[in-house]
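Reader: I have some questions about the terms used for this model. Please set each value against its cut-off.

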Amino acid sequence: MDTALLDTLVEHHNNGDHAQNGWKPHVYNACIKHVKETCNVDITKDKIVGRIKTFDKHYEIISKMLAQSGFGWDSENNMVEVDSDEVWSRYVEANKDASSYRNKVVMNWQAIQTIYSQDHATGVGARTAAESIQEEETIVLEESPDLPPKRQRTGEAILCMMGQMKTSFDDALKTTEPLPMPKVTPPTEILDALKKLEMENCDMLRACGKLIVNERLFEALTAIPDELKKAWLLTLP
């Protein structure tokens, strides 16, 4: 279910539906519909909020570890890898909340990175995605359709009010702002392509998860003759 849920969140994140105070309301409806169609599972907004809180915790803890020397990501086993026990002990001593992540399997890490890495606030006064969702129930922000699909930081909002956002603030962030992520094929398009191959549901979901996080694999799939596509997908590690 998490794979189908994250497929939808990644698609809407790329479409600019990740507002300053959380996900836009129609995203939850899209998640409910996609999970039902893909997994035949009925979920509610509360269930989605709960899973987003879990994704948020994974991102906060794992991304902080991966930023340190001695840590990496094991994409084959879907867990954090550490250079030595000494590195781990020293890190956990200062970061107690990471203690359970030594051998913890976290699926769909690439998708979780996608929905958080570019616009996840950090530092004093920062809000997690879960906190933003709680605030969303009582605060409604009006967004102009002319603004780019980008979450505004507090500094940006102030400069926007002063009419200077596109000049001094953009120039100031030019050297530190992360490069934009390349546009990827929407998960719905990938799923439609897989449905034509008449695969078992579990095989189709597994292949979908791999193609979503690796655009080159999907490009390769489109180039392979139709009669070989299913066999090729089943051989992917």
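Author: The chain has 12 helices and 4 strands. The model is a predicted one.

Reader: How many of the residues count as buried?

Author: Of the 237 residues of the chain, 38% do. The word applies under 20% relative accessible area.

Reader: What makes α1 and α3 roughly perpendicular to each other?

Author: Their packing angle. Helix α1 (residues 2–14) and helix α3 (residues 45–66) pack at about 85°, with axes 12 Å apart. The class covers 65 to 115 degrees. The two helices are therefore roughly perpendicular.

Reader: Which residues make that contact?

Author: From α1, Asp 2, Leu 5, Leu 6 and Leu 9. From α3, Ile 48, Arg 51, Ile 52 and Phe 55. By class, the contact of α1 with α3 has 6 nonpolar residues, 2 charged and no polar ones.

Reader: Why are α2 and α3 called roughly perpendicular?

Author: Their axes cross at roughly 95° and come within 10 Å. The range for the term is 65 to 115 degrees. So α2 and α3 are roughly perpendicular to each other.

Reader: Which residues of α2 and α3 meet?

Author: Tyr 28, Cys 31 and Ile 32 in α2 meet Lys 45, Ile 48, Val 49 and Ile 52 in α3. This contact of α2 with α3 divides into 6 nonpolar, 1 charged and no polar residues.

Reader: Is Tyr 28 buried or exposed, and how do you know?

Author: Tyr 28, in helix α2, has a relative accessible area of 3%. Buried means under 20%. Tyr 28 is therefore buried. The C-alpha atoms of Tyr 28 and Ile 48 are separated by 7.4 Å, though the residues are 20 apart along the chain.

Reader: Is Asn 40 buried or exposed, and how do you know?

Author: The relative accessible area of Asn 40 is 58%. Exposed means over 50%. Asn 40 is therefore exposed. It lies in the loop between α2 (25–39) and α3.

Reader: What is the phi of Asn 40?

Author: Near 55°, a positive value in a residue other than glycine. Asn 108 also has a positive phi, of about 65°, and is not a glycine. Asn 108 is found in the loop between α4 (85–94) and α5 (109–116).

Reader: What makes β3 and β4 a pair?

Author: Their bridges. Pairing needs at least two. Here 4 bridges join β3 to β4, and the strands run antiparallel. β3 and β4 form a hairpin with 4 residues between them. Asn 78 in the turn has a positive phi of about 55°. Asp 74 stands opposite Met 79 in β4.

Reader: Which residues have the most contacts inside the largest nonpolar core?

Author: Leu 9, Ile 62, Met 65, Phe 71 and Ile 112, in a core of 35 residues. The elements giving two or more residues to this core are α1, α2, α3, β3 (71–74), β4 (79–82), α4 and α5. α3 gives the most, with 8 residues.

Reader: Which residues does Ile 112 contact, leaving aside its neighbours within four places in sequence?

Author: Leu 6, Phe 55, His 58, Tyr 59, Val 106 and Met 107.

Reader: How many contacts join residues at least 24 apart in sequence?

Author: Among contacts in the chain between residues at least 6 apart, 61% do.

Conventions
Residues numbered from 1 in each chain as written. Predicted model: local features only at pLDDT ≥ 70, side-chain atom pairs only at ≥ 80, totals over all residues. Heavy atoms only, no water. Axes fitted to C-alpha atoms, helices over the stretch in contact; angles between N-to-C directions. Parallel < 35°, antiparallel > 145°, perpendicular 65-115°, else oblique. Contact = heavy atoms within 4.5 Å. Nonpolar A, V, L, I, M, F, W, Y, C, P; charged D, E, K, R; others polar. Buried < 20%, exposed > 50% of the residue type's maximum accessible area, 1.4 Å probe, protein only. Core = buried A, V, L, I, M, F, W, Y, C linked by side-chain atoms within 4.5 Å.
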